[in-house]
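Subject: Structure handover

Hello,

Here is the structure for your files. My notes follow below it.

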Amino acid sequence: MNRNIIVLDTTLRDGEQVPGAKLNMPQKIEMAQQLKRLGVDIIEAGFPASSQGDFEAVQAIARSVGDSVSITALGRAVKSDIDAVYESIKLAQDPLIHIVLGTSNIHVEKKFSRSKEAVLQMGVDAVRYAKTLLPAVQYSTEDASRSEFEYLWATIEAVVKAGATMINVPDTVGFAVPEEFGDLIRRINERLKNLDDRVVLSVHCHNDLGLATANTLSAIRGGADKVEVTINGLGERAGNTSLEEVVMGLKVRESFYRAQTNINTKELIRSSRLLTHLTGLDVQVNKAITGENAFAHSSGIHQDGLLKDKNVYEIMSPEDVGADSMELVLTARSGRHAFKHAVEKMGFDTSDGAEFEALFAQFLELADTKKEVYDHDVYYLASSRSGASRSGGKELYELDSFQVITNDLYPTATVQLRKGGEAVKGSAVGDGPIDALYTVLRQLVGIDAELKDYKISSLSRGKEAIGRVNIRLAVGGRSYSGRAMDTDIIKASAGAFLNAVNAALLDEGAGTTAEQAAANEGSEQAATGQVAEHAAAVSTSGQAAAE
Ligand SMILES: CC(=O)SCCNC(=O)CCNC(=O)[C@H](O)C(C)(C)COP(=O)(O)OP(=O)(O)OC[C@H]1O[C@@H](n2cnc3c(N)ncnc32)[C@H](O)[C@@H]1OP(=O)(O)O
Ligand SMILES: CC(C)C(=O)C(=O)O
Ligand SMILES: [Mg+2]
């Protein structure tokens, strides 16, 4: 039988302590609502003594989601902080006061300049006071992993006797290593169960040595009942333990840990993206579970294995965490199996072995000149060899030319696109340059494409830095992602949009939906666009994938 591990999410408290991560009240509420959908057991909503704004945000979160999620907030071992915590969370159904106080010599001597006995007494007094306000009180022994064990235990014993219902053992500066931290928790757990087995034992790790997830999992093996984590591992310095890593670690290795959480893992990616969107702090591309490449495969041997059986190179399915299905990225490191898969997906026949070999050779030649080979590249390679004329086969959009003028009155975009032998052009104004650009593109392609996600990141530094734009469009009830890179970020934005639209047009399953949508809006396109004779080659590189 699996143990249930309580998940406390501290994205809105420890995560929000990060430079640049400060959120306003509506943003905090939006994130809290997503955490509720994700199924966290406790939300640490803030540090209400720090400002009136944070006090009100914690209060608003308690009102908004406190009917179904336990709400806590942090305070020092100071009466006024505890009052602020209580006043801000008291409207929640299941409020929890969280008090922190250091136990390491360096905290006792340098931060507080008091004796160990005096600091321990401060903690006991704080818990006693908190208990006059609420029954549920968590006590965090800050810097526990650098504390002398017997003093740490003496503190835990004293605050439990004073009424603490949860003991949280933090690795505040990310100093611990997994075996040692697991042993520490095992030792505390043995004593704590003898003292009062109703007290919840919790851990809170930081990632200064990149060990936060490993330490947290090791602590679970050592008997921890509760983990403190954040979305994307956001938190002080190198961050906190990432929620998604621990949750999926327990899920994928269930037979090893024999533990589970109440998290709805299908909401993990949505939670990660929302936090990125609200804070503007990106997730590294190779981040476990939520990174852009977490389910992307690009080497030929891996792609071949995956096409034979996903389990060859996948330990969890992307759909399980709410991600798009696995992505096979075509590069010069791809092999015949992956290339054939891409060509066949577009409806081309590959049964003539010699013909396919020639096509593959062309693909490798192209791939050696580019970082990635994109759907439209494959399509044009395959269609030109198969004899299908570009206008006779599926026609894809290419960017001919564009001009975007931005000002605070009427940001305007003028674009000319080419599709097959024809060109269309038009103009639109928008709320900003990208909005204007996407408005005119939407009109020109005549597809009802709803922008679900837009992300821009820099791939290099300096004047010639390459910007990469990743977008997600909803077309006819399906979702398509597109990305493009260019030194001109407006051009990269247009490229990403067209790559996603082209993916919709190439998608056999949804092709009719996209075409249908285009047909439905054809009159609008005719009204906006004008036919021109010539077309220039697209220089923006990009990729699109149907999901
Ligand atoms: C590991 C962690 O993440 S702990 C949580 C970190 N979060 C925060 O710091 C939240 C944001 N902080 C704040 O808004 C402010 O620092 C406040 C409101 C907490 C305090 O502000 P100020 O009163 O101006 O004090 P300041 O921050 O400069 O110094 C901290 C004071 O609290 C004391 N203190 C620090 N930790 C604790 C504690 N756990 N319990 C009691 N007192 C503490 C310090 O010794 C210092 O007191 P001193 O002035 O007597 O030396
Ligand atoms: C408040 C405590 C739990 C903390 O954030 C830490 O020690 O890192
Ligand atoms: Mg912390």
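How many residues does α5 have, and how far does α5 reach from its first C-alpha to its last? α5 has 18 residues and reaches 26 Å, close to the 26 Å expected at 1.5 Å a residue. The expected span is 1.5 Å times one less than the number of residues. Helices (H or I, at least four residues) and strands (E, at least two) are DSSP runs, numbered from the N terminus.

First, the ground rules. This is a predicted model: local features need pLDDT of at least 70, side-chain atom pairs count only at pLDDT 80 or more, and totals for chains, interfaces and linings use all residues. Residues are numbered from 1 along each chain as its sequence is written, and chains are lettered from A and ligands numbered from 1 in the order in which they are written.

Confidence
The mean pLDDT (the predictor's confidence in each residue, from 0 to 100) of the protein is 89. 90% of the residues reach 70 or more. Residues 511-547 fall below 50, yet have 90 contacts beyond near neighbours in sequence. A contact means C-beta atoms, placed from the backbone, within 7 Å. Where pLDDT is low, the predicted coordinates should not be read in detail. For the complex, the predictor gives an ipTM of 0.98 and a pTM of 0.82.

Helix α5
Buried here are Val 119, Leu 120, Gly 123, Ala 126, Val 127 and Ala 130. They cover an arc of only 120 degrees around the axis, so they sit on the same side of α5. The arc is that of the directions from the helix axis to the C-beta atoms. Glu 117, Ala 118 and Thr 132 are exposed on the other side. Buried means 20 or more other C-beta atoms within 10 Å of the residue's own, exposed 12 or fewer, partly exposed in between, with C-beta atoms placed from the backbone. The cover over the buried residues of α5 includes β5, β6 and α6.

Helix α6
α6 (residues 149-161) buries Leu 152, Thr 155, Ile 156, Val 159 and Val 160. These fall within an arc of 125 degrees, so they line one face of the helix. They pack against α5, β6, β7 and α7. Just after α6, Gly 163 takes a positive phi of about 120 degrees.

Ligands
Around ligand 1 there are 16 residues; β4 and β5 each supply at least two. A residue counts as near if its C-beta atom, placed from the backbone, lies within 6 Å.

Best wishes

How values were computed: Contact = placed C-beta atoms within 7 Å.
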